[in-house]
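Subject: Structure handover

Hello,

Here is the structure I promised to pass on. Please open it first, then read my notes below.

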Amino acid sequence: MLKNIRLIGAVFLTAIAMIACKEDFPVDEDGLLITSRTQCYVSNFELLGSDFQTVRTKNAVVDTVALTVDVEVFYGTDLKSLRPQFSLVTDAKLEPKITGKVDFSDLENPKKYTVISGNRQVKKTYTVKITVQKP
Amino acid sequence: MKHSYLFGLIMMLSVTFVMTACDDDDGLTVTPKNELQNDVIKRTLGPNMVGLNIEFAYAMAIPKSLGKLVSAQVEASIGGAEGTYLDNKSYYTNGSGQDVGIEVGSASVTSGAKTTVTFTKDTIAATLRYFYRIPNAARGQEVTFKFSANASNGQTVTYSMGPYKIAQMDMVLDLDVKDSTAAYISIADMAVYGSADAAAKADKIDLVYLYRSIPNITFNHALVAPSNKEYLPGVKLPAGVNRSAKINKVWALRDQQLARLQFGVFIDDPDFQQLSITDAPDFAINMRAEAGAWVETADGKYRAYIYMNSINNTTKSAKISIKRYTLK
């Protein structure tokens, strides 16, 4: 009888040890934490040239209702190699990812970027409209 | 029985203590060598460019009891260009931080690749500076140096330095460009031409410098390939000047040899070899002072870095310096 109690005790302890440290942190396919936040917007936008200096003539206008980013760039900006930078609300992420230079030269078909909220349920697609300063 | 073990143990411990106790060599005390000695440091940094100096400081000394210094010489594996010399002064730094030279020998004599200073003063220790003017013959090759000193007791010491790689690049400093009068830049010649000369050398003109002050936009100082008419407002190109080029604007790349500022940044051969600007445009406007641009000529023969040393909006001019690499 005593032997059985010892055995049961050992099994219990092992089971507890095996499950005790497992906490559930959900992550998405990029290894980023999925949270409960539902906010989904762009808070700021920056555009750098090939020399890593800004090409904006003034602050970009982000419209979170119309889902547009309007930015005017200097005359003589090389639109083929620009480096966009999005500031997003906490826990949100951007799709497609920006990995380096982006070609914005096709002004007729503006680039689109999708913001995905912290809970990964809300998606909003922003259109980046670029206008070049004219003399 | 018990006591004999104890006795043995004590004996062994004592022997161990005796063997380790007196070892007081702290590794800090140096026994001076009683002979002629020498040492060399290289003083210049950055890529070794043809036409510039490589500077060394060559130190030698002999104990007074053994004699004095007779001569010092340096032999380069490739003879230096005119202007190569071994300084006949030994320097010390005074309280204000100035290097003060004291003449210790006759002016150096160069024969072939060997430069010699013969001591004229009674000298037992000296540090002589060696300036090797890199000759065109050494371009792309490696140079080694053999420093040696002779003493009056017949002793000779030598010290080898190198090999040092000599860069392929060319460099030209402080070219004056001016809107319309000296505006045509040739990477092949590393020179700036006026419109009459540019017409004669039309196949060598890669860039046009211009300054424009246009309302509502920032144009200012620009480097534009002759092929791009949109960014050459009001420029009447000389006949035949129509080449293209790739131009990639860079900010805050202040190569020390071009800028001669406090920044320890150097552009070397590998930077040109690895440069990839195939998607770059053929113009760069709003060039500011201390900015620069990578350039690749249309025929793919040259890659260059053009640095803006200074700009002047009033006189519509700028001072530029160029490093150029010839592609094989």
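What percentage of the 135 residues of chain A count as buried? The answer is 33%. Buried means under 20% relative accessible area, exposed means over 50%, and partly exposed is in between (1.4 Å probe, protein chains only).

A word on the ground rules. This is a predicted model, where local features need pLDDT of at least 70, side-chain atom pairs count only at pLDDT 80 or more, and totals for chains, interfaces and linings use all residues. Residues are numbered from 1 along each chain as its sequence is written, chains are lettered from A and ligands numbered from 1 in the order in which they are written, and side-chain values use heavy atoms, with hydrogens and water left out.

**Chain A**

Chain A has 1 helix and 7 strands. Helices (H or I, at least four residues) and strands (E, at least two) are DSSP runs, numbered from the N terminus. Along the sequence the pattern reads α-β-β-β-β-β-β-β. The C-alpha trace of chain A spans about 95 × 30 × 20 Å along its principal axes. Its radius of gyration is 25 Å, whereas a compact globule of 135 residues would have one near 14 Å. That radius is taken over C-alpha atoms, and the globule rule is 2.2 Å times the number of residues to the power 0.38.

**Pocket and cavities**

Two terms first. On a 1 Å grid over the protein atoms alone, a cavity is a set of points where a 1.4 Å probe fits but cannot get out. A pocket is an open set with protein on both sides within 12 Å along at least five of seven lines. Lining residues have an atom within 4 Å of a point. Grid points are joined across faces, edges and corners, and a volume is the space filled by probe spheres set on the points.

The largest pocket has a volume of about 340 Å³. Its lining holds 23 residues. Nearest its centre lie Asp51(A), Val55(A), Gly76(A), Thr77(A) and Lys249(B). The elements that give two or more residues to this lining are β17 (245-251) and β18 (283-284) of chain B. The largest share, 3 residues, comes from β17(B). By class, the lining of the largest pocket has 9 nonpolar, 10 polar and 4 charged residues. Here Ala, Val, Leu, Ile, Met, Phe, Trp, Tyr, Cys and Pro count as nonpolar, Asp, Glu, Lys and Arg as charged, and the others, Gly among them, as polar.

There are 2 cavities of 30 Å³ or more. The largest cavity has a volume of about 40 Å³. Among its lining residues are Asp78(A), Lys101(A), Asn248(B) and Pro281(B). That lining divides into 3 nonpolar, 3 polar and 3 charged residues. The second largest cavity holds about 30 Å³ of space. Its lining includes Ala76(B), Thr110(B), Tyr130(B) and Tyr132(B). The classes there are 4 nonpolar, 5 polar and no charged residues.

**Rings in chain B**

Tyr58(B) and Phe147(B) form a tilted pair, 5.1 Å centre to centre with 45° between the planes. Tyr58(B) lies in strand β2 and Phe147(B) in strand β10, so the pair ties together parts that are 89 residues apart in sequence. Tyr58(B) is buried at 0% relative accessibility, and Phe147(B) is buried at 0% too.

Phe272(B) and Trp294(B) form an edge-to-face pair, 5.4 Å centre to centre with 85° between the planes. Phe272(B) lies in helix α4 and Trp294(B) in strand β19, so this pair ties together parts that are 22 residues apart in sequence. Both residues, Phe272(B) and Trp294(B), are buried.

Ring pairs also link a cluster that includes Phe56(B), Tyr58(B), Tyr130(B), Tyr132(B) and Phe147(B).

Two charges sit over rings. The charged end of Arg129(B) is over the ring of Tyr91(B), 4.1 Å from its centre. The charged end of Arg254(B) is over the ring of Phe263(B), 3.9 Å from its centre. The rule asks for NZ of Lys or CZ of Arg within 6 Å of the ring centre and within 35 degrees of the ring normal.

Best wishes

Technical notes:
Phe/Tyr/Trp six-rings, centres within 6.5 Å; stacked < 30°, edge-to-face > 60°.
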